[in-house]
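Thanks, everyone, for making the time this morning.

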Amino acid sequence: MTAPLRNDPATVKVALGDRSYDIVIGRGLIGSLGARIAALRPGAKAAIVTDENVARCHLPAVESALAAAGVPTSRVIVPVGEGSKSFGGFEQVCEAIIAARIERGDLVIALGGGVIGDLAGFAASAVRRGIDYMQVPTSLLAQVDSSVGGKTAINSAHGKNLIGAFYQPILVLADTAALDTLPQREFRAGYAEVAKYGLLGDAAFFSWLEANWRDVFKGGPAREHAIAVSCRAKAAIVARDEREIGDRALLNLGHTFGHALEAACGFSERLLHGEAVAAGMALAFGFSARLGLISAAEAERAIRHLDQVGLPTRPKDIPGGLPSVDRLMDLIAQDKKVKRGMLTFVLVRAIGSAFVESGIDTQDVRAFLSEKLTEQ
Ligand SMILES: NC(=O)c1ccc[n+]([C@@H]2O[C@H](COP(=O)([O-])OP(=O)(O)OC[C@H]3O[C@@H](n4cnc5c(N)ncnc54)[C@H](O)[C@@H]3O)[C@@H](O)[C@H]2O)c1
Ligand SMILES: [Zn+2]
């Protein structure tokens, strides 16, 4: 884990048979995108899907890289935010791809955060029954999580990500310099998912993060290293369990509590996804300690790091307050099916050692949460 830090791009392979692809990570890689497209899909046209913020910061560089390599481009720019992961956003993107005469053999490029990756990936899976696409993730969350693994989706009135497909990209190009324009709060929220990989399966990486997180935030080789380790961790899990029948569920560490907190805040700016995951992981560690699976000191160590980087870890850290324990339990039950009063949770035996436990009594969760809600 203390491998030498370099400035060369790092490549992580996602091994999925004939759907295998590379994740390339490095500073300034956007400049090489055109040449990579020309090499992988000679003669292809590309439709670039992005949002208004990312278009302002990074679309010119992407367009000129493609122009320099002779790749004809078109663009579709959707409004910023989760609202674009909707039927309306999907229609806009699909119609624009078709209008640009993108055919099989051409490419869709998802340039943006997780919203764009999910939306453009799903549109690529559907237009002409499937057009190849590349992910050019520009948020930290997208670079370490949403761009890897092929889950694409839009939201339904009934809930998030309910309409989608497993559809793998042909390349993920993570330009770590793109993160320089990302608001600090978004970066920090994405960092929760980076810490998650250490907490769920890699104690040495977690120790490295404790020592080096400031450099990850600053940029430079530590940032690339953290992103590469995160992608490698996710790629390994996805390669074992592409469709989340088993192991992939480990990636949900902190997400059962986290989703309930996110829903309680109305999926608003009040609590970003990564912030909810940080608070959710703190609860998962606290709950594991309560069940006697992990020592209180070890749980405290995990929580302390999340605290230190400025992520919320306690209900009182969440601005605007939280609803009652009854409401939170309802939200948990909506997210996860309750079978005979039992819930499935990702719990921990140590930092770096998470496991899936399906026999968790809802009453134990309720008792734990009501205590946490009253803590000051
Ligand atoms: N497919 C998956 O496996 C998976 C996994 C996790 C999350 N997700 C999805 O990802 C989405 C969240 O992703 P997100 O946090 O990246 O949200 P996002 O795409 O909305 O990006 C966050 C904000 O940062 C801005 N932004 C992005 N890159 C920027 C840059 N380089 N410079 C300046 N601003 C920039 C965006 O415009 C937006 O305002 C959710 O919809 C979630 O469901 C999917
Ligand atoms: Zn997440």
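Along the chain, the donors of the zinc ion, which is ligand 2, follow the spacing E-x61-H-x17-H. In this predicted model, those protein donors are Glu-193 through OE, His-255 through NE2 and His-273 through NE2, and they lie 2.0 to 2.1 Å from the zinc ion. Glu-193 sits in helix α6, residues 184-201, while His-255 belongs to helix α9, residues 255-264, so this pair ties together parts that are 62 residues apart in sequence. Glu-193 and His-255 are both buried.

Let me turn to ligand 1. There are 25 residues around ligand 1, and those that come nearest are Asp-51, Glu-82, Thr-138, Ser-139 and Thr-181.

As for individual contacts, an N or O atom in the side chain of Glu-82 is 2.7 Å from an oxygen atom of ligand 1, and a backbone N or O atom of Lys-151 lies 2.8 Å from a nitrogen atom of ligand 1. Asn-161 contributes a polar side-chain atom that lies 3.4 Å from an oxygen atom of the ligand. How much of the accessible area that ligand 1 has on its own does the protein cover? The protein covers 88% of the 860 Å².

Definitions and conventions
Residues numbered from 1 in each chain as written. Chains lettered and ligands numbered in written order. Predicted model: local features only at pLDDT ≥ 70, side-chain atom pairs only at ≥ 80, totals over all residues. Heavy atoms only, no water. Donors = N, O, S within 2.8 Å, 3.2 Å for Na, K, Ca; no water. Helix = DSSP H or I, 4+ residues; strand = E, 2+ residues; numbered from the N terminus. Buried < 20%, exposed > 50% of the residue type's maximum accessible area, 1.4 Å probe, protein only. Near = heavy atom within 4 Å. Polar contact = N/O pair within 3.5 Å; in protein donor to acceptor, adjacent residues only side chain to side chain. Areas by Shrake-Rupley, 256 points an atom, 1.4 Å probe, with all protein chains shown as cover.
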